[in-house]
Amino acid sequence: MSALPVFRWHLAPDGYATRGQLRARNLRPGGQGVAAQLERPRRRGRPPLVAYLYRVDLAKPVRPMTPGRWRAHAAMMRARRICPECRRDAGYVIPSTLGTCVTCAYPEEQRAA
């Protein structure tokens, strides 16, 4: 096993990109392993922040969304809008911190208004 090349923050050579940078170019790692890593030093003895880099020349295009994937995505987003308590469409994505729509989470405030 060989060690990965390590570069300092903002000093990676051309030809390497993070997952986010690949996605911005409509690319994906495509099964390749991590090629290098960036390290950003931090203060007070904390470990450095690490970002993994992939080779751009080995990256593959992002797979297009099929009609089935679009349907599954729409169903998932619709499910996030349904309140598990009152079973109504809240009209927005229900916050995970509440777990229910605002009306169910704070019923006494809704009656006062």
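**Surface, fold and backbone**

Modeller: Leu 4, Val 34, Val 50 and Tyr 52 make a nonpolar surface patch of about 310 Å². Patches take residues with over 30% relative accessible area and no salt bridge; nonpolar side chains (Val, Leu, Ile, Met, Phe, Trp, Tyr) are joined within 5 Å and like charges within 9 Å. Areas come from the Shrake-Rupley method with a 1.4 Å probe, and for residues only the protein chains shown count as cover. This is a predicted model: local features need pLDDT of at least 70, side-chain atom pairs count only at pLDDT 80 or more, and totals for chains, interfaces and linings use all residues. Residues are numbered from 1 along each chain as its sequence is written, and side-chain values use heavy atoms, with hydrogens and water left out.

Biologist: Is Leu 4 buried, partly exposed or exposed?

Modeller: Leu 4 sits in the segment before strand E1 (6-8). Buried means under 20% relative accessible area, exposed over 50%, and partly exposed in between (1.4 Å probe, protein chains only). Leu 4 has 34%, so the residue is partly exposed.

Biologist: In what order do the elements of the protein run from the N terminus?

Modeller: The protein has four helices and six strands. These are DSSP runs numbered from the N terminus: helices (H or I) of at least four residues, strands (E) of at least two. The order is β-β-α-β-β-β-β-α-α-α.

Biologist: What is the radius of gyration of the protein?

Modeller: The C-alpha atoms fill a box of roughly 60 × 45 × 25 Å along the principal axes. Buried residues make up 18% of the 113 residues. The radius is taken over C-alpha atoms, and the globule rule is 2.2 Å times the number of residues to the power 0.38. A compact globule of 113 residues would come out near 13 Å, but the protein has 22 Å.

Biologist: Which residues gather in the patch of positive charge?

Modeller: Lys and Arg count as positive, Asp and Glu as negative; His and the chain ends are not counted. Each charge is placed at NZ of Lys, CZ of Arg, CG of Asp or CD of Glu. The surface patch gathers Arg 40, Arg 42, Arg 43, Arg 44 and Arg 46.

Biologist: Why does Arg 44 count as exposed?

Modeller: Arg 44 is in the loop between strand E4 (36-40) and strand E5 (49-55). Arg 44 counts as exposed because its relative accessibility is 84%.

Biologist: How many salt bridges does the structure hold?

Modeller: A salt bridge is a side-chain nitrogen of Lys or Arg within 4 Å of a carboxyl oxygen of Asp or Glu. Arg 55 pairs with Asp 57, with the closest N and O atoms 2.7 Å apart. Asp 89 meets Arg 81 at 3.2 Å, N to O. The structure holds two.

Biologist: Where is His 10, and what is its phi?

Modeller: Most residues other than glycine have a negative phi. His 10 is in the loop between E1 and strand E2 (16-17). Its relative accessibility is 71%, so His 10 counts as exposed. Its phi is positive, near 70°.

Biologist: What is the phi of Asn 26?

Modeller: Asn 26 lies in the loop between helix H1 (19-24) and strand E3 (27-28). With 53% relative accessible area, Asn 26 is exposed. Its phi is also positive, near 60°.
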